[in-house]
Structure formats: C-alpha cells, structure tokens
Amino acid sequence: LQLQSDHCVDPGIPVNGQRHGNDFYVGALVRFSCDAGYSLSDPEPLECEPNFQWCRPLPSCDALCGGYIQGNTGTILSPGFPDFYPHNLNCTWMIESSHGKGVQFTFHTFHLESPHDHLLVTENGSFPEPLWRLTGSTLPPTLSAGLYGNYTAQIRFLTDFSVSYEGFNITFSAECGSSVTGMQGVLLSPNYPGYYGNHHECIYSIQTQPGKGIQLRARDFRLEDDDMLKVFDGSSNQARLLGVFSGSELQDNTLNSTSSSMWLEFISNAENTSKGFQLHFT
Ligand SMILES: [Ca+2]
Ligand SMILES: [Ca+2]
C-alpha cells in the first residue's frame, strides 16, 4: 500500500446514489446522482482542494416530503424510504405530464398504519374529495388519474403522531393514445382542442364487431408538416398501411378498413405543434 499524499481520500458514495468520477487528485471533480425517487441534497460536484480535502461533505440522496415532478415517468417514495416514515407528515406531490391522457400509478411497496396514516390521490387538486384514499398494508392495484385535458395528478401523504412503517414506493407513467372497443367513438390527439405536445408517440387501436369494417372520418385534422398520423388496416402496425397523413391531408376525409380493427400511430417530432385531430369512427 502506497499512501498518495497528493490525493484526497475516497469521498464515498451516497446511500441510494452513485458517484461519477474515480480520480481524487487535487483539482479533480466528482459528481453524484441518486436512484429514482431520491433527490440529491447538493447538486454541485465535490472538488479536491489543494489541502487534499474535499470542498464539501458528501451529499445525500433523500426521499423528500412532496415535490413537483414533471415528466412522463417517475418514482414517488415516502419520506425516508426504505426506512420508516416520520410522524406528523403532510406531503404533497404534484405530477405534471405532457402526454395528455392520464397517469398510471403502480405500487411496488405499500405499508402504512391503518387507518391513521394514509395516501390521497386526486386529479383536480381536491383532497377533500379524492379519487382514492389508501391505507394499510395491502398493495393497491394499478390506479389511473388525470382525465383527458387535465395533465396533473396530485398525491398527498398524511401521517399522525405515532406508529410508522416502511411507507410506499410508487412509479407512474403517462400514456397517450387509447384502446377503444365498440361500434362508434371519437379519437382525439393529446390536449385537443389545445395544441398537442412535442415528442409524442401515441397509439390508438379500434376494435369493432367481427366481420364489420371501420369507417374513420376526420372532423378536424391539423398537424404540422413534420408530424404524422399513420393508419393501418388491422390490429398492429404490421397490417396494411392505409396512409400516412400530415398537415391537413385527412381533413374531412374518410378511411375505410377491410378488417374489424384499425391501428393508428400519432408521432410528433421535437418542434412545432398544432391543434391535432378529432376522428370519428363507425
Ligand atoms: Ca402513524
Ligand atoms: Ca412537430
């Protein structure tokens, strides 16, 4: 073993996190990141200073009490997870997704003191009348929140003054598109009649009665030229392509399938959006 006096000592790795950088010489920078659901206590890198000391203590990765989460996927952990959560919490997470259709929550861990500690889920911020009130230790099924045209969902975690458990580990993902079964219906682009977002890849599937074809009529169809809707005559994108449409190419037009299903893919690129589409099928 050779002591390297021109180096700082190994700064370590935060629990529930990673270190990026393995050089500890004077002037070296090491950065850190956290596992999903955890926040870094200090995002600045550590620098090894000329006195062979790091400029700051090792940051920590913490599961925080509430926050604002923007994105189409994410993780929500009870404060302190996987350690027992604190007493007297009132934590609110606001989830905002650009994907338009809604947010689906999947529960991986769920262990709360019933009935005193509980989780409220809303899609309109109305906690007195939540969509769900969850407590106890039974893993809830996958839940959806955030109706069409409403991009946000909120989760609130309330705990009382005694007894706590492991808490929760929830992931969410936002979905656009839809899967429709029936004789008639309407398909809307994300956020319609508002402008759709960038980076969409939405899949719509229609299934009608066996033996019956589908007639799809575009009551409204306004895409940017760099965005497109692909329509297939069948139940996947391996079926016959009925067309690829951009701009206003499908406006007031009708497409007919020979099969009893139709598969649509709406793809928007990184820039320029428009009103989107309102498609009626019978
Ligand atoms: Ca409690
Ligand atoms: Ca575009």
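**Calcium site and Asp233, by the cut-offs**

The calcium ion (ligand 1) has protein donors 2.3 to 2.6 Å away: Glu113 (OE), Asp117 (OD), Asp117 (OD), Asp160 (OD), Ser162 (O) and Val163 (O). The model is predicted, with pLDDT of at least 70 needed for local features and 80 or more for side-chain atom pairs, while totals for chains, interfaces and linings use all residues. Residues are numbered from 1 along each chain, chains are lettered from A and ligands numbered from 1 as written, and side-chain values use heavy atoms, leaving out hydrogens and water.

Q: Why is the site of the calcium ion (ligand 1) called irregular?
A: Six donors count as octahedral if opposite ones are over 155 degrees apart and all others between 65 and 115. Here the angles run from 52 to 155 degrees, so the site is irregular.

Q: Why does Asp233 count as buried?
A: Buried means under 20% relative accessible area (exposed is over 50%, partly exposed in between; 1.4 Å probe, protein chains only). Asp233 has 7% relative accessibility, so it's buried. Both Glu113 and Asp117 are buried too.

Q: Which residue's side chain makes a polar contact with the side chain of Asp233?
A: That's Thr258, at 2.6 Å. The cut-off is a pair of N or O atoms within 3.5 Å; within protein, one must be able to donate a hydrogen and the other to accept it, and residues adjacent in sequence count only if both atoms are side-chain atoms.

Methods: Donors are N, O and S atoms within 2.8 Å of the metal (3.2 Å for Na, K and Ca); water is not among the atoms, so sites may look incomplete. Four donors count as tetrahedral if all angles lie between 85 and 135 degrees; four count as square planar and six as octahedral if opposite donors are over 155 degrees apart and all others between 65 and 115; anything else is irregular.
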